[in-house]
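This briefing is meant to be read with the structure open beside it. Please look through the picture below before turning to the points that follow.

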Amino acid sequence: MKTSRIFLSLVAVSAAFFVSCKNPSTVQSASETSSQAVAPASGAIVYFRLDQVVNEYDMANEQRSVLEAKAAAIQQDIERRGNKLQNEMNSFQEKYQKGLMTTSVARQKGEELQRQEQEFNQFLAQKEQEMQEEQIVLMNNIMDAIQTYVEKFNAEKGYAMILASSAGQPVVVASASLDVTQDIISGLNAEYVQNKGKK
């Protein structure tokens with residue numbers, strides 16, 4: 001009985017997408033210490049730090065909390081079911097070794113426990129798949145919301161191009177004045193609060 005396999009999977013599923021968010025990409029800036037950056041002009045090429053946006057996006061944080069709570073509840077259910085099955089197996093083995101049941105009863109009980117173990121393993125696989133699917137849907141929703149907002153943001157600002165910097169694909173050198181990360185975070189969160197209020 002290995003319930004730790006699903007636990008590790010659930011932890012990975014609930015945190016996988018957000019790991020990179022805790023390690024924002026490093027963008028070397030020529031004027032990083034500048035306290036007042038000038039807004040980029042229309043037609044400029046700008047960038048934003050995707051890791052930081054996801055990390056500070058209220059929708060992403062709320063949905064992550066929901067997913068983590070669900071994973072914890074599933075893990076508790078798995079442990080409860082696993083412990084119950086393990087106790088039944090231990091009890092069966094003890095009674096059989098002490099000769100407290102006939103061979104035919106032992107065979108029936110053994111087959112029943114085997115069936116219960118198979119059902120338990122199917123339950124583990126099902127829950128693992130459900131959590132993976134929910135993680136994918138969550139990631140897709142977050143990325144879609146960011147993409148949609150960035151498109152609206154650019155329609156207002158008129159930049160020639162908006163690049164997304166991430167830990168895997170950083171913008172190596174850029175002026176701080178071209179970093180629109182905070183503008184995008186502020187706009188996304190304001191839009192999220194506004195849309196939540198309409199529900």
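In this predicted model, the largest nonpolar core has 37 residues, and those that touch the most other members are F48, Y57, I142, I146 and I184. At least two residues of this core come from each of β2 (45-49), α2 (50-56), α3, α4 and α5, and α4 supplies the largest share, which is 13 residues.

**Overall layout**

- The protein has 5 helices and 4 strands, and from the N terminus on these elements follow the order α-β-β-α-α-α-β-β-α.
- Of the 199 residues in the protein, 35% are buried.
- When contacts between residues at least 6 apart in sequence are considered, 91% of them join residues that are at least 24 apart.

**The core seen from I184**

- I184, one of the core residues that touch the most other members, is in contact with F48, V53, Y149, V150 and F153 once its neighbours within four places in sequence are left aside.

**Q52, a residue of α2**

- Q52 is found in helix α2, and because its relative accessible area is 13%, which is under the 20% limit, Q52 counts as buried.

**Helices α3 and α4**

- Helix α3 has 40 residues, and the distance from its first C-alpha to its last is 58 Å, close to the 58 Å expected at 1.5 Å a residue.
- The 55 residues of α4 should span 81 Å at 1.5 Å a residue, and because its end C-alpha atoms lie 80 Å apart, the two values agree.
- The buried residues of α3 are M59, A60, R64, L67, A71, I74, Q75, I78, G82, L85, M89 and F92.
- In an α-helix there are 3.6 residues a turn, so residues three or four places apart point the same way.
- K70 lies in helix α3 and is partly exposed, because its relative accessible area of 33% falls between the limits of 20% and 50%.
- K70 is in contact with M131 and E134 when its neighbours within four places in sequence are left aside, and although K70 and M131 are 61 residues apart in sequence, their C-alpha atoms are 8.7 Å apart in space.
- Q116 lies in helix α4 and touches L85 and E88, not counting residues up to four places away in sequence.
- The C-alpha atoms of Q116 and L85 are 7.5 Å apart in space, while the two residues are 31 residues apart in sequence.

**Glycines beside the helices and in a loop**

- G99, which comes just after α3, takes a positive phi of about 75°, and G158, which comes just after α4, takes a positive phi of about 70°.
- G43 lies in the loop between β1 (28-29) and β2, and because its relative accessibility is 45%, between the limits of 20% and 50%, G43 counts as partly exposed.
- G43 touches G158, Y159 and A160, not counting residues up to four places away in sequence.
- G43 and A160 are 117 residues apart in sequence, yet their C-alpha atoms are 4.4 Å apart in space.

**The largest pocket**

- The largest pocket holds about 240 Å³ of space, and among the 14 residues that line this pocket, Y57, M59, A145, Y192 and N195 are the closest to its centre.
- Each of α3 (58-97), α4 (103-157) and α5 (181-198) supplies at least two residues of the lining of the largest pocket.
- By type, the lining of the largest pocket is made up of 6 nonpolar, 4 polar and 4 charged residues.
- Y57 is listed both among the lining residues closest to the centre of the largest pocket and among the residues that touch the most other members of the largest nonpolar core.

Definitions and conventions:
Residues numbered from 1 in each chain as written. Predicted model: local features only at pLDDT ≥ 70, side-chain atom pairs only at ≥ 80, totals over all residues. Heavy atoms only, no water. 1 Å grid on protein atoms, 1.4 Å probe; cavity = no way out; pocket = protein on both sides within 12 Å on 5 of 7 lines; lining within 4 Å. Points joined across faces, edges and corners; volume = space filled by probe spheres on them. Nonpolar A, V, L, I, M, F, W, Y, C, P; charged D, E, K, R; others polar. Expected span 1.5 Å × (residues − 1). Core = buried A, V, L, I, M, F, W, Y, C linked by side-chain atoms within 4.5 Å. Buried < 20%, exposed > 50% of the residue type's maximum accessible area, 1.4 Å probe, protein only. Contact = heavy atoms within 4.5 Å.
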